[in-house]
Amino acid sequence: MRIALLVHDYDRRTGHGRYVVELAERFSREHDVHVFAHRVAEASDGRIRFHHVPAVRMTAMTTILTFPFGIWWRLREAFDVVHGQGLSAFSPDVVTVHICQWAWFDALREREGRLGGRDRIFRALVGRWERALYHPARTQWVIAISEKVRAELARYYGRSARVVMIRPGVDLVRFHPARRRRFRAAVRQALGYAEREFLLLYAGDLRKGAAEALRALALLPDAHLLVISRTPARRYREVAQRLGVSARVRFLSATDRIENYYAASDALFFPTVYDAHGMVIWEAMASGLPVITTRAAGAAEIIRHGEEGLIVDDARDIPTLARYAQQLREDAALRKAIGERARARVEAFSWDRAAQETLCIYEQVRSTAS
């Protein structure tokens, strides 16, 4: 089978990029795989063919609006399946929906009361394009990465036909509880944390829930918060200062060694107002780390509250967030038990499984075309 995979960045450090890297590496063992990307940051053994896609990368909006034109210009060969990630092409055979933009902006508006001008423009342009792209006449099959996203596609865009839910995988070797024994002490020492100090980790887009995490930290006088993100942190440093918790918060830039920070932490603290899935939740669970998150995360769909993690109904419920963190701080046995059950739960979600389920969709596309 000749497969074309479309993605802005072929880079496992980004969500869409990691998804394509994992699938491409597996598909290329038996199929002819071509990756169309603006930037390639991963080495290949030669089985995958790469094609550069021109795009204007000034902002997220310019990337989204120009990349499909680059695909239209570069994608001239015939393929059995063209598989895009979100708004990466005008008419792919298969598209994986990593976010529903209208749902995301509705979540932001509900929390903040209004959207800023830039967000309103982005929602108007990109949301309408999403609605057009996900129409059955334009895209044969849609892969939703959670039941949450599948429901949002129906609610916001009226798309329910030929929509299948396939959860992403997780690297069960890279993210493993054994790393805790190997790296916890060294990473903590490098960061300046003593073993007895309770350390919460927030990783990912700061807009999703960093402010809520900081407000909860203000109710936890004996806890520390480590924040790792690509998002500019100035606004959140100011929030921490106003709350009087600056001395207990450390902001770090994104890293390609996030697994070591899972090992060094006592819990993932991710009170997101919206997340189509939440790869950091997946990775933390695979690392044997207890997770505190919200029902707004797609990954929370497979977590039983109190068993494989702690789930808050609403990210704005700061007292409950703080109470759950306090429970974990006071009970090391509970942390260990939840972490062990979390690891066991996500072991069913390997990348091999995700790749096999995706190939089944490709076969549907090929059978329809023949």
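**Tyr-157**

I looked up Tyr-157 and its contacts, taking contact as heavy atoms within 4.5 Å. Not counting residues up to four places away in sequence, Tyr-157 touches Cys-100, Gln-101, Trp-102, Gly-127, Glu-130, Arg-131, Tyr-134 and Glu-152. Tyr-157 sits in helix α5. Here helices (H or I, at least four residues) and strands (E, at least two) are DSSP runs, numbered from the N terminus. The relative accessible area of Tyr-157 is 6%, so I noted it as buried. My cut-offs: buried is under 20% relative accessible area, exposed is over 50%, and partly exposed is in between (1.4 Å probe, protein chains only). I also checked Tyr-157 against Pro-177: they are 20 residues apart in sequence and 40 Å apart in space, C-alpha to C-alpha.

**Ground rules**

I am working on a predicted model, where local features need pLDDT of at least 70, side-chain atom pairs count only at pLDDT 80 or more, and totals for chains, interfaces and linings use all residues. Residues are numbered from 1 along each chain as its sequence is written, and side-chain values use heavy atoms, with hydrogens and water left out.

**Helix α4**

Next I took helix α4, residues 117-133. It has 17 residues and reaches 24 Å from its first C-alpha to its last, close to the 24 Å expected at 1.5 Å a residue. The expected span is 1.5 Å times one less than the number of residues. Which residues of α4 are buried? I found Asp-119, Phe-122, Val-126, Gly-127, Trp-129, Glu-130 and Leu-133. These buried residues pack against α2 (60-74), β5 (94-97), α3 (101-112), α5 (147-157) and α7.

**Salt bridges**

I counted a salt bridge when a side-chain nitrogen of Lys or Arg is within 4 Å of a carboxyl oxygen of Asp or Glu. By this rule the count comes to 38.

Glu-42 and Arg-12 form a salt bridge at 3.2 Å, N to O. The pair links distant parts of the chain, 30 residues apart. Glu-42 is in the loop between β2 (32-40) and β3 (48-52), and Arg-12 is in the loop between β1 (2-10) and α1 (15-27). Glu-42 counts as buried at 17% relative accessibility. Arg-12 is partly exposed at 22%.

Lys-208 and Asp-275 form a salt bridge at 2.9 Å, N to O. Lys-208 lies in helix α7 (residues 206-217) and Asp-275 in the loop between β11 (267-270) and α10 (279-286), so the pair ties together parts 67 residues apart in sequence. Both residues are buried.

Glu-238 and Arg-234 form a salt bridge too, with the closest N and O atoms 3.5 Å apart. They are four residues apart in helix α8 (residues 234-243), which means a separation of about one helical turn. Glu-238 is partly exposed at 35%, whereas Arg-234 is exposed at 67%.

I also noted a network: salt bridges that share partners join Arg-12, Glu-22, Glu-25, Arg-26, Glu-42 and Asp-352.

**Helices α10 and α12**

How do I describe two packed helices? I use the angle between their axes and the distance between the axes. Axes are lines fitted to C-alpha atoms, for helices over the stretch in contact, and angles run from 0 to 180 degrees between N-to-C directions. α10 and α12 (residues 332-346) pack at about 115°, with their axes 7 Å apart. The two are therefore roughly perpendicular. For the angle classes, under 35 degrees is roughly parallel, over 145 roughly antiparallel, 65 to 115 roughly perpendicular and the rest oblique. From α10, Trp-282, Met-285 and Ala-286 meet Gly-339, Ala-342, Arg-343, Arg-345 and Val-346 of α12.

**His-277**

His-277 is in the loop between β11 and α10. It is buried, at 2% relative accessible area. Leaving aside neighbours within four places in sequence, I found His-277 in contact with Ile-145, Pro-168, Trp-282, Ala-297, Gly-298 and Ala-299.

**Val-35**

Val-35 is in strand β2. It is buried, at 0% relative accessible area. Beyond neighbours within four places in sequence, Val-35 is in contact with Leu-5, Val-7, Tyr-10, Ala-24, Ile-48, Arg-49, Phe-50 and His-51.

**Arg-162**

Last, I checked a backbone angle. Phi of Arg-162 is near 50°, a positive value in a residue other than glycine. Most residues other than glycine have a negative phi. Arg-162 is in the loop between α5 and β7 (163-165), and it is partly exposed at 36%.
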